[in-house]
Amino acid sequence: MGLYKAEGVVLRTRSLGEADKIVTFFTHTRGKVEAVARGARRPRSRLLGPTQLFTYGRYLLFEGKNLDTVSQGEIVQSFRPLREDLDRMAYASYAAELVDRSTEPGDRHEGLFPLLVAVLELLAASDELPLVMRYFELRLLGELGYRPNLSGCIRCGASRAPYFSIELGGLLCERCLQADAAAVHIGDEAVHVLRYFERADPGRLQVVRPSREALAALETVLPRSCAVRIGQPLAALEFLLALRAAERG
Ligand SMILES: [Zn+2]
């Protein structure tokens with residue numbers, strides 16, 4: 001047991017006692033870490049800022065038997081818009097919940113930390129929040145080892161395969177549809193967007209401008225693909241969908 005340094009993002013916080021909080025971090029080198037931040041809810045605490053939700057910071061932590069303790073923290077990026085704008089907060093909460101639910105303490109998932117930071121950056125600044133989220137879902141599936149097979153029909157290899165099977169984790173062509181009665185027709189454009197997502201860096205995301213139809217098609221398959229792999233209902237996803245329905249209504 002001892003002190004260690006970690007770069008991390010605050011995924012979740014819970015109040016503890018009078019002034020403490022329990023912080024769930026996703027860190028670069030240790031994956032998910034839970035730690036107590038003593039006094040962090042006091043207005044003048046030096047840990048107040050660095051332990052706010054969605055903050056990306058550098059931390060000094062002390063290993064404990066059950067929970068670690070946050071000893072010091074400094075903010076790398078505060079991502080303030082994610083806490084001040086309801087839409088951005090709903091998306092960031094969903095992204096954080098996906099990471100929280102799909103990883104266990106100690107799982108490292110090398111590529112997930114830079115992906116999460118890049119996506120929070122985009123969610124804090126972009127006007128294309130659903131697009132950013134669909135990108136994150138697809139890349140998260142890849143990081144977790146569930147990358148959908150997008151090269152063609154997963155049954156016969158046909159390159160034109162406009163159906164997406166959540167259960168089989170890939171595309172199907174018209175002729176092979178019987179392989180999954182629940183496969184969803186997403187269309188050729190949505191397939192192209194998925195293939196672009198698969199190879200594009202987050203910084204290249206502003207280059208794609210999918211039609212509303214293609215984005216809507218991706219929204220019918222990617223959130224469910226994540227939920228199925230994670231195997232639990234996601235509270236933040238439900239909230240986000242309710243918020244979007246209210247905006248449309
Ligand atoms: Zn086929």
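Me: Which residues in α3 meet which residues in α4?

Reply: First, this is a predicted model: local features need pLDDT of at least 70, side-chain atom pairs count only at pLDDT 80 or more, and totals for chains, interfaces and linings use all residues. Residues are numbered from 1 along each chain as its sequence is written. Two residues are in contact if their C-beta atoms, placed from the backbone, lie within 7 Å. Here Leu112, Leu115, Val119, Leu122 and Leu123 in α3 meet Leu129, Val132, Phe136, Arg139 and Glu143 in α4. By class, that contact has eight nonpolar, no polar and two charged residues. (Ala, Val, Leu, Ile, Met, Phe, Trp, Tyr, Cys and Pro count as nonpolar, Asp, Glu, Lys and Arg as charged, and the others, Gly among them, as polar.)

Me: At what angle do α3 and α4 pack?

Reply: Axes are lines fitted to C-alpha atoms, for helices over the stretch in contact, and angles run from 0 to 180 degrees between N-to-C directions. Helix α3 (residues 112-125) and helix α4 (residues 129-143) pack at about 175 degrees, with axes 10 Å apart. That makes α3 roughly antiparallel to α4, a label for angles over 145 degrees.

Me: How many helices and strands does the chain have?

Reply: Both are DSSP runs, numbered from the N terminus: helices are H or I with at least four residues, strands E with at least two. This chain has seven helices and nine strands.

Me: And how do I read the sheets? Which strands form the closed barrel?

Reply: Strands of a sheet pair through backbone hydrogen bonds, either parallel or antiparallel. Two strands count as paired if DSSP finds at least two bridges between them. The closed barrel has five strands, running β1-β2-β3-β5-β4 with mixed pairing. From one strand to the next, the twist averages 50 degrees.

Me: What about the open sheet: which are its edge strands?

Reply: The open sheet has four strands in the order β6-β8-β7-β9, with mixed pairing. Its edges are β6 (149-153) and β9 (184-185), each pairing on one side only. Two bridges join β7 (residues 163-165) to β9, and these run antiparallel. Look for Tyr163, which stands opposite His185 in β9.

How values were computed
Angles under 35 degrees count as roughly parallel, over 145 as roughly antiparallel, 65 to 115 as roughly perpendicular and the rest as oblique.
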